[in-house]
Amino acid sequence: MKPNLATRISDFFVNYFSLNGQLVSQEQAEQNIRDGVSFRGTSILILILAILIASLGLNTNSTAVIIGAMLISPLMGPIIGVGLGVGIHDFELIKRCVRNLLMAAVFSIIASTLFFLISPVNEQHSELLARTSPTIYDVLIGFVGGGAGIIALGSTNKGNVIPGVAIATALMPPLCTAGYGLATWQLNYFFGATYLFIINSIYIAFATFIGVKLMKYKGLPADSGRARRVRRIVYTLAVLTMLPSIYLTYNMLRESRFTMNADRFIQHECDFPGTQVLGRKAYIEHGEKHLVITLIGRALPPDSLHLALAGRLKYYGLAGTDLSLIQGGAYETDNDKPTAISDIYALTQATISHQQSVIDSLQAVLRIDRTSAIAAPEISPELKVLFPKIKDIAITTTVFASPAEQSVDTANVALIRTHGRFDHSERTKLAEYLETRLKLGKVEVVSL
């Protein structure tokens with residue numbers, strides 16, 4: 001009898017996700033993990049050198065250097081060892097891994113602190129700042145990365161998973177940032193980066209523990225009560241570590257939503273004829289929302305403008321936002337201070353006026369040239385009737401220079417070729433006709 005559709009679908013997924021024949025023995029996997037737990041001799045020297053490389057990368061804001069340091073770092077070993085120890089009830093392994101991890105973290109922070117104390121460059125770059133505000137996403141990165149790591153260590157085909165996990169979870173940069181915080185005595189950097197390192201370490205170990213259980217590794221004989229207490233501690237640490245990140249994530253999402261609403265408000269409500277939005281600043285400080293809008297162009301009545309815009313804030317989710325308007329160099333609220341925007345405004349207006357003057361001059365020249373180009377063909381039929389002696393005519397605008405007076409003069413010239421003699425009176429009549437017909441200034445008629 002043919003299997004039904006549900007059975008076939010189930011068999012399809014089981015076939016693709018089955019680990020049968022793809023895992024090494026528990027003894028071999030344990031040995032691979034235990035070999036990376038120790039932090040003595042070359043391991044600690046490599047760790048310190050990796051910290052210095054990562055510090056240089058953060059100092060110069062070089063992503064490539066930071067990635068190289070994460071590949072060199074041996075920090076993953078004791079973290080995965082903690083997860084293995086919890087999973088197989090090897091409490092001595094847990095103690096050794098925690099001790100080695102603490103020593104590695106302390107040595108790393110000391111090395112990075114000394115580096116930033118003597119470094120001539122102490123600017124705050126984006127790669128540094130990104131590691132001071134961990135969120136729930138960092139929790140997920142640590143957990144998923146740890147899961148990938150334990151599967152790779154237990155698999156016959158490890159590939160490049162472990163280096164990839166080291167890069168994704170970014171264990172080194174937070175320790176460097178913590179050292180930077182101590183060196184510059186900015187404790188918000190120190191605590192934020194240390195918290196990120198703790199998140200990564202705990203959730204890599206937690207994912208390793210779950211992976212060990214799913215792969216059904218056999219535990220060592222141990223006191224069941226003690227094993228329960230250890231698991232309870234692991235679960236408690238995982239939850240307590242996650243809680244601050246949830247709060248930080250909430251703040252991040254709130255600020256992001258506030259910024260998006262502010263952009264929508266400016267796009268729809270700040271569209272004024274002759275006035276443009278030069279810039280905006282939307283931020284939350286001490287729980288209060290602030291929106292500063294800088295306008296340039298024609299000045300608008302400040303009181304009416306502020307009243308009108310403030311009344312529209314609630315329709316964009318911005319109720320209670322402190323709105324400040326700057327135009328002409330000064331804030332349009334009582335509590336704000338004037339800025340140098342007036343200088344920018346004056347410079348911009350002068351530039352616009354100069355450019356407009358140049359544009360007007362060029363347009364006038366173009367009009368004259370266009371008039372000269374089309375004038376002769378346009379009036380040729382009329383000249384044939386009014387001045388039958390004219391055989392050819394060319395109308396142009398030329399510049400006369402006077403060497404004696406060192407001056408120049410622009411003149412309209414009509415060059416004609418005629419049948420027979422074209423006397424002075426006829427040339428005068430032709431000049432008057434051209435001046436009136438083509439709406440030009442004085443026209444000089446020259447007979448060739």
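What share of the contacts in the chain with a separation of 6 or more comes from residues 24 or more positions apart? The share is 70%, where contact means heavy atoms within 4.5 Å.

This is a predicted model, in which local features need pLDDT of at least 70, side-chain atom pairs count only at pLDDT 80 or more, and totals for chains, interfaces and linings use all residues. Residues are numbered from 1 along each chain as its sequence is written, and side-chain values use heavy atoms, with hydrogens and water left out.

**Overview**

The chain holds 15 helices and 7 strands. Both are DSSP runs numbered from the N terminus: helices are H or I with at least four residues, strands are E with at least two. Of the 448 residues in the chain, 39% are buried. Buried means under 20% relative accessible area, exposed means over 50%, and partly exposed lies in between (1.4 Å probe, protein chains only).

**Around strand 2**

Strand 2 spans residues 288-297. Burial covers 8 of its 10 residues. Strand 1 (residues 275-285) pairs with strand 2 in the antiparallel sense, over 10 bridges. Two strands pair if DSSP finds at least two bridges between them.

His-290 has Asp-322 in strand 3 as its bridge partner.

**The largest pocket**

Rolling a probe the size of a water molecule over the atoms shows where empty space is left. The largest pocket has a volume of about 540 Å³. Its lining counts 22 residues, and the closest to the pocket centre are Val-82, Val-98, Leu-101, Ile-202 and Leu-237. A pocket is an open set of points on a 1 Å grid over the protein atoms alone, where a 1.4 Å probe fits, with protein on both sides within 12 Å along at least five of seven lines; lining residues have an atom within 4 Å of a point. Grid points are joined across faces, edges and corners, and the volume is the space filled by probe spheres set on the points.

Helix 5 (76-88), helix 6 (91-118), helix 11 (187-214) and helix 12 (224-269) each supply at least two lining residues. The lining divides into 20 nonpolar, 2 polar and no charged residues. Ala, Val, Leu, Ile, Met, Phe, Trp, Tyr, Cys and Pro count as nonpolar, Asp, Glu, Lys and Arg as charged, and the others, Gly among them, as polar.

| Residue | Relative accessibility | State |
|---|---|---|
| Ser-201 | 8% | buried |
| Phe-143 | 31% | partly exposed |
| Ile-151 | 47% | partly exposed |

Ser-201 is found in helix 11. Not counting residues up to four places away in sequence, Ser-201 touches Ile-79, Leu-101 and Leu-171.

Phe-143 lies in helix 8 (residues 136-153). Leaving aside neighbours within four places in sequence, Phe-143 contacts Tyr-203, Phe-206, Ala-207 and Ile-210. Phe-143 and Ile-199 are 56 residues apart in sequence, with 9.1 Å from C-alpha to C-alpha.

Ile-151 also has its place in helix 8. Along the chain, Ile-151 and Met-215 are 64 residues apart; their C-alpha atoms are separated by 8.8 Å.
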